[in-house]
Amino acid sequence: TGLTLIDGQREIYRCLAAQKEIIEVFFDADSFSSLSDTEQTNLLSIVTQASAQGAAVTPLSSRPFSKIAFGNRNEGIVAVARFRAETLADFKPRPNSPIFLLEGIEKPGNLGAIFRTADAAGFGGVIICGKGTDASNPAVIRASLGTVFHVPVACDTSVAAIQWCEHHQQNIVAATPVGTTDWHTAEMAKQPAILLGSEAHGISSLWFDAAKNKKLALQTVALPMLGLADSLNVSATAAVLAYESVRQRNA
């Protein structure tokens, strides 16, 4: 259906700002008076903007509202919006900017956190491939604080992602525990595609096979692990490499 649930004032604001279609807004009429003055003002502003764009507005009592709100911070409002990542055939990343390639990221919280990093570090887009979480998952939207609506995103197969990178002559920096280059010496000044795989399975062999066949320019990098753990959370790795890219671009 292409519909998703957005829970949270900031997230709904950012959906509206990105001009995504909001179908309906539900708000907790019983708890309105318990919100702070700022939260009340923001809620009324969201309702006004959404209504002006044609969304239905439905007040609810607290009990039914609690059945549809899922976040651990109740801000008194949720929305149903039409949002789905496009395929690579329609993907239009911002020019002259790095992108993330995310293969098989399973946890919505990790994917949402990577969108926050992509937005903060000025990335041009995110490509999601393989089996994993979709960008329209409500938990991804919540973890991204709504930045998922502002970062160009495509969702496709790993094969399609490899073909897209080959066609666009994309320089790929792949994070892996057995990477051959230190993270801070890898070439990331020229709009790289930073490739990250799932924490359970890593990056699939498809990427390395394509590199061996000279279809892709791919360098592998590793972060030093000086304690007991053998890897960082994938969203932490994304943040480290994203800001190394920022540092090199600004050097």
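Domain 1 and domain 2 of this predicted model bury about 1100 Å² between them, and 62% of that area is on carbon and sulfur atoms. Buried area here is the accessible area (1.4 Å probe) that two parts lose on being put together, summed over both. The size of an interface is often given in this way, as the accessible area lost when the parts come together. In domain 1, Thr4, Glu11 and Arg14 lose the most area to domain 2, together 42% of what that side buries.

Where are the two domains? Domain 1 covers 3-82 and domain 2 covers 99-250, with bounds that come from an automatic or database domain assignment. Their C-alpha centres lie 32 Å apart. At the interface, 15 residues of domain 1 are in contact (heavy atoms within 4.5 Å) with 11 residues of domain 2.

A word on the ground rules: local features need pLDDT of at least 70, side-chain atom pairs count only at pLDDT 80 or more, and totals for chains, interfaces and linings use all residues. Residues are numbered from 1 along each chain as its sequence is written, and side-chain values use heavy atoms, leaving out hydrogens and water.

Now for the charged pairs. A salt bridge is a side-chain nitrogen of Lys or Arg within 4 Å of a carboxyl oxygen of Asp or Glu. By this rule the count comes to 4 salt bridges, and between domain 1 and domain 2 the count is 2. Arginine 142 takes part in both pairs of this table.

| Salt bridge | N to O distance |
|---|---|
| Aspartate 7 and arginine 142 | 3.1 Å |
| Arginine 142 and glutamate 11 | 3.6 Å |

Arginine 142 lies in helix 5 (residues 138-143) and glutamate 11 in helix 1, so this pair ties together parts that are 131 residues apart in sequence. Helices (H or I, at least four residues) and strands (E, at least two) are DSSP runs, numbered from the N terminus.

On the side of domain 1 that touches domain 2, strand 1 (3-7) and helix 1 (9-17) each supply at least two residues. Helix 1 gives the most, with 5 residues.

In the order 7-6-5-10-8-11-9, 7 strands form an open sheet with parallel pairing; two strands pair if DSSP finds at least two bridges between them. Strand 7 (153-156) and strand 9 (181-182) are the edge strands, each pairing on one side only. Strand 5 (residues 99-103) pairs with strand 10 (residues 193-197) in the parallel sense over 5 bridges. Phenylalanine 100 has isoleucine 194 as its bridge partner in strand 10.
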